[in-house]
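Visitor: I am new to this one. Could you walk me through it?
Guide: Gladly! Let us look at it together.

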Amino acid sequence: MWQGKGVDLDAYLTRVGHKSDVAPDLATLRGLHAAHVEAIAFENIDAVLGRAVPLDLDSVQEKIVRRGRGGLCLEQVVLVAAVLDRIGFTFSAFAARSRIRTHNKTGPAVHVALCVELEGERWLFDVSFGGYGLHQPIRLAEGSRLDGDWAFDLVREPNGEHVLRFLRAEGPSELYGFTTDARYPADFEVLNHYCLTHSRSPFNHRVILQRTQPAVRSVLIGNMLTEIRPGEPAAHRELDEDETLSAPEKTFGLTLEDDDLQALKPATGTAGAGRN
């Protein structure tokens, strides 16, 4: 189901810069999580340009591993699930309802992450929530907490949903709510169709780039760049056209063709055609 036999593990490990040996253990899980989010950005460029976003493993590897691109949540989950399967981890996928910015507890559950079972414990492994998301796995249990420069916790609501929160100086930010009901690759196709085609999808009309690094978390929406650093308020800056078109490579580590950059102008807000 997760296609571990089809993944080019060596190429993936090179892409994310993970140089240690891998095994189905907690050290590998943590190391892969950190390496992936630092190297591979969340990006919706193909969706904005009206292109197909296939979820078969070959297409995802070609785009993210070989061409140096990032990907939507679902693309990244397909890739990392194959990697974990190849290494020998036991896991399932689940869907979550994003609450960031909207605080909507009943919106569509279009974000997907993994629940990894390891030595009698469950771990939330989520490499694709972008600049606000986890930098390493968190134990999937009520009251779990990650401390350090970037702090997170998990709380349980009366309806049984888990809620992942980003803990910042100004207070906790709810990122998403979820149950661990299993989702499968066939479900991903349905969610992908919504993300690419629905009029209310946030991913198909305006550029969204996100990346998590140790010292800074970067989010570009249209031509507005937000940077979050440990212990500091978020900094917001509107980019001019040159800055916006250089940001995919300079800030988010993406490899794009010149034609792609020119086609992106309306979706960045720099050409006056972006939708709010």
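**Rings, a histidine and cysteines**

Guide: In this predicted model, His-18 is buried, with a relative accessible area of 12%.

Visitor: Where is His-18 found?
Guide: Let us start with its contacts. Leaving aside neighbours within four places in sequence, His-18 touches Leu-13, Gly-31, Leu-32 and Ala-35. As for its place in the chain, His-18 is found in the loop between α1 and α2 (26–39).

Visitor: How many aromatic pairs are there?
Guide: Ring centres must lie within 6.5 Å to pair. By this rule the count comes to 8 aromatic pairs.

Visitor: Are the rings of Trp-2 and Phe-91 stacked, edge-to-face or tilted, and what is the angle of their planes?
Guide: Planes under 30 degrees apart count as stacked and over 60 as edge-to-face, with the rest being tilted. The centres of Trp-2 and Phe-91 are 5.5 Å apart and the planes stand at 40°, so this pair is tilted.

Visitor: How many residues apart in sequence are the parts that Trp-2 and Phe-91 tie together?
Guide: Both residues count as buried: Trp-2 has 10% relative accessibility, and Phe-91 has 11%. Trp-2 lies in the segment before α1 (9–16), while Phe-91 belongs to strand β2 (residues 90–98). The pair therefore ties together parts whose separation in sequence is 89 residues.

Visitor: And which helix holds Phe-188, whose ring pairs with that of Trp-2?
Guide: The rings of Trp-2 and Phe-188 have centres 6.1 Å apart and planes at 35°, so they too form a tilted pair. Phe-188 counts as buried, at 1% relative accessibility. This pair ties together parts 186 residues apart in sequence, because Trp-2 lies in the segment before α1 and Phe-188 in helix α6 (residues 185–197).

Visitor: Which residues do ring pairs link into a cluster?
Guide: Here we follow the links from ring to ring. They join Phe-94, Phe-129, Tyr-176 and Phe-178.

Visitor: Which residue lies over the face of Trp-150?
Guide: Look 4.4 Å from the ring centre of Trp-150. The residue lying over that face is Arg-217.

Visitor: How many disulfides does a search of the whole structure find?
Guide: Cys-73 is buried at 6% relative accessible area, and its sulfur is 7.6 Å from the closest cysteine sulfur, in Cys-195, too far for a bond. Cys-115 is buried at 2%, and its closest cysteine sulfur, in Cys-73, is 15 Å away, again too far. Two sulfur atoms must be within 2.5 Å to count. Across the whole structure, the number of disulfides found is 0.

Methods. Residues numbered from 1 in each chain as written. Predicted model: local features only at pLDDT ≥ 70, side-chain atom pairs only at ≥ 80, totals over all residues. Heavy atoms only, no water. Phe/Tyr/Trp six-rings, centres within 6.5 Å; stacked < 30°, edge-to-face > 60°. Helix = DSSP H or I, 4+ residues; strand = E, 2+ residues; numbered from the N terminus. Buried < 20%, exposed > 50% of the residue type's maximum accessible area, 1.4 Å probe, protein only. Lys NZ or Arg CZ within 6 Å of the ring centre and 35° of its normal. Contact = heavy atoms within 4.5 Å.
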